[in-house]
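Visitor: I am new to this structure and would like a short tour. Could we begin with a sheet?

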Amino acid sequence: MSLPMASAADIERWKAMGGKVEQGKKKAQDQVFVSPAGKKLKSWADAAKLMESDKPVKMDEDKVERDQGTKRGKENVANESKSDAGTKKKKARVDDSVAEKKPAAAKKGNKRAAKQEQEEAEGEGGASDKDVNEEQDKDVKLEPQDSKAAAAAVGSGRRAAQGKAYKEKGIVRSSKNDYIVVVEEVKAETEAEALQQTSGSGGIKRKLTDFSLEDESGQQVPVDRVLLVNGPVHISGVVYPADADVSKDKDKGRRVAKLGPVKEWKVLYSSASAQVLLKTSAGLYELVRPSQKYRKLYSPLEEQVELCHNVYCALCPEAGGNLSASYDEVVAKLARAKVGKTYGSTRDALLLNGKFVLSQLAAMTSQHGSTNASGKSTVSYTSCAFGTTLAAEVAKGPSGPGIMTNGIKIVDPLAAEQQQGGSGGPGDAMTEADEEMARRLQAKLDAESYGGGRGGGRKPASAPYIKISEEEIADDYPLPAQYNKEEEEMDELLLFDDDMVDADPEDLPRRLLHDFAIYNAEGFFSTLELVPMDRVDHDVEIFASGVVTEDEGDWSVGGQAVEEQAGEGSGSGSGSGSGAGSGSAAGTAPAPAHPAGMRLYLSQVREWCVEVSCDMLFISLRTDVAWYRLVKPQTKYTHWFKTILRCAQLAVKVIGLISAESRASRLSFADIIKQLAQQPDTAPTFVSRRPEVVERYVVVHGQIILNQFKHFPNKAVQRAAFVGELKAKMEMRRHSKLYMAKVKPIKVAKGRNNNPMRNRAATGLKAKPMPATATTMVKAVWRNYFFASAKKEEEEAAAAAAVAQEVEEDANEEDGEDAAEETALAEAANNSGKSARRGAKKGAGADKPAAEGSQAKGKKKAGKRSIQFVGPELRTDAAGRVLFGSAKVGDTSFKLGDVVHLEADEEQATNNSGGEEGAAANDSGPLGLVIALFQDTDGDKMVQVRVLLRGPETVLGDAGSDCELFLTEEAEVRPLAEVAGPPRPP
């Protein structure tokens, strides 16, 4: 059977389809037909079948390319014909099977059957990659109605995605902040039209924002040089009514492209602010905010106006100033107001802007100076002490003292000749203004290079520590009370290891402090908040006492619950409570009253810190000997410790609120204060329902909160907007700043323990016996002063003579008997002053029932004398007590800081040796230094004093003078009626 031969027309159609014809290797007349896919066909019959099956697809593809007209479709066809040889071999195996089965499927017109046959062919050929699938899709015959689907498949993925809709549906906008409202500015053609549309209660005065000043050539002109330019200067900006709020009333503004020309400019001063005004022939404009492109030219004038406004406030009596203030006094006030920060000093800022300040002093005189009947000014800012001194300093020239120079001075000979010969041309004023500006800019650069000014070269090693004044936080703590140790305490320095000298503080041993109390150098309860949390130099003497145990590494001991109340307890298996409480964990025994440890009085507290975990926080303090983790305070110190604990819990709460947001600065300071005020009353961080009270609490205790932010690992939370605003508000309170100029390693040094408990006995405030003049002979000499009877004096004299003989025999003999006699002598001296001292139970921390008898006695005597507070009340403390500054009892008037004589109680009157009555009996009562005058919640008028002792009432005995008073550490609270009067002379 002979094979069909291809005609010349068939060969042309085969080549037009993309095929090739090659000559056979065995016989020259044999032909090999190469398909577009690279398959070699040995007979024309196979090539004809393949050409018939590819023809409809080829026609449809051509039609798609013509319909779409896209360049991408043509590139795809070209790329398919240029595929690599390996891919062509894989496709060729599939083409053979597809070429045999596709005509039948195409005749039936069934796409599904064609697709099924295509999948079978793919399985037989073993082709599974993407290129084979694309080739199969290309070979499938499609009906004319499917040409649109084929067109959608041609091209890149970007083209296929053009018809998709990405609009999100079902989103609910919950607040107005989700919408952006665009307010279009209304334009006015002329100045008269703008003035008419912005008329209000301000007359011809208007506010001007987004302004700029330009001359006829379009060059921007500074405000202070509008009168120096040759030609008119016009203004452009947005005009608002005088009583409008430019930040809210956007719809009231009218943008004008050209206002003016400017006729005059001036500065209007008041105690509140200084207003820069521009005057045209039609209106008067107050400059509020310059445009972005004009801000650089307007900022130097703003600095000068701020300087002059502070000078006005320092001189004007209506603004709280003093017109007769000297030059140095005004400079000091400006320095405290931090004026001229970009210059080397405030004095330099005044001298460099001296001409402008003098011109504004003349303007202040014309605006605010009073005149007499003849019309002459009686109050002149230019002729006052400050004005005359400043004029004299400015007359010295720019090279006067105080101006920083680099030792180089350039002299212009032409300028010197013009200065001697008179005024020059019309451009001299502008040239002089340029020179003044150049001097100011050079001074700012010099200040920056010397370490001052904005962004100075030398800066402190770290940010300053803002220490809030003690007066700001006093209302959050109880009234001052004295710490009285009930047991003997040992010195902490006994546990100091000499190997730890010059060691790093982090290497110190770790211990636990139970049943603790913290007090100051005078023995009064105090707070750790007075001690800086950072390692900065400070002079605050705060001490602590308590039971010390070793830290075995159990972090469940001493932890305070973050989310629980301080009194609920967060103890662990060891049974230790948290904060002020004494609770224990479930299933454990209650905490022991006195842990097995040693009671010590610690040395000065150097620093303290708050450590936070997921659900616990730990408060630790450091001395020169060790670190101590605070476990449980004493009962009397509970309320003092609760304040610090609440501040630490508050810091954790604020950090949690900020961390919960998607962006750290999303919550502002006001938002956090609002959320803290909305907490339930049972929350451990609840302060008040009033946001202003919560804000004050957060600000005055802000250093504890800032310390937690500083050590938080998330940098975004550290730089949150809340932190910056909190620092700004802390600086508005009474505070001081502590600097660490150079970071140096802190080393431990063994020193003297200045704890006030080292010289106190456990029973109260009784001092130890003084070991002075402790010999039997001296004792016999002083014995004469303790007996009034002459008979006893003779007996004691004989005994003294006998003792003196014994001493002469062996004057250096000292034994146990002498020590006993020395103690007896000291006790006798102490007993002589017993009538002037009270027990510890009558101190500042005594309970009210203990003083009921004294109050009843005071009320009984109050009927004879009038008792009243003088002057207005100072304030009301947290306990509801009303504090006053002065009082009057009978004819005696006294105030805080005065010394008064207190009446003796029944015990003191009985012990009085003379048995005198009346006013003489009151001499046995103690003297007191008044430290507080208040009225308690029951309406009783009370006075708190520090007890004073005369010389003979101390351990000095008769060696002390009656005219000398010694201030003790004992504090007493008595009814105001027990004030007997002023101190009487001895």
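Predicted model: local features only at pLDDT ≥ 70, side-chain atom pairs only at ≥ 80, totals over all residues.

Visitor: How many bridges join β24 to β25?

Guide: Strand β24, residues 886-889, is joined to β25 by four bridges, and the two run antiparallel. Within this pairing, serine 886 stands opposite lysine 895 in β25.

Visitor: Let us change topic. What is the strand order in the sheet that contains β1?

Guide: That open sheet of three strands has the order β1-β2-β3, and its pairing is antiparallel. β1 (20-23) and β3 (40-41) each have a single partner strand, so one side of each is left without a neighbour in the sheet.

Visitor: What stands opposite glutamate 22?

Guide: Valine 32 in β2 stands opposite glutamate 22. β1 and β2, the latter spanning residues 31-34, pair in the antiparallel sense over four bridges.

Visitor: Now the surface: which residues make the nonpolar patch of about 340 Å²?

Guide: Met490, Leu494, Leu495 and Met598 make that patch.

Visitor: Where is methionine 598, and is it buried, partly exposed or exposed?

Guide: Methionine 598 lies in strand β16, residues 598-601. Its relative accessibility is 34%, so methionine 598 counts as partly exposed.

How values were computed. Residues numbered from 1 in each chain as written. Heavy atoms only, no water. Pairing = 2+ DSSP bridges. Patch = residues over 30% accessible without salt bridge, like charges linked within 9 Å, V, L, I, M, F, W, Y side chains within 5 Å. Areas by Shrake-Rupley, 256 points an atom, 1.4 Å probe, with all protein chains shown as cover. Salt bridge = Lys/Arg side-chain N within 4 Å of Asp/Glu carboxyl O. Buried < 20%, exposed > 50% of the residue type's maximum accessible area, 1.4 Å probe, protein only.
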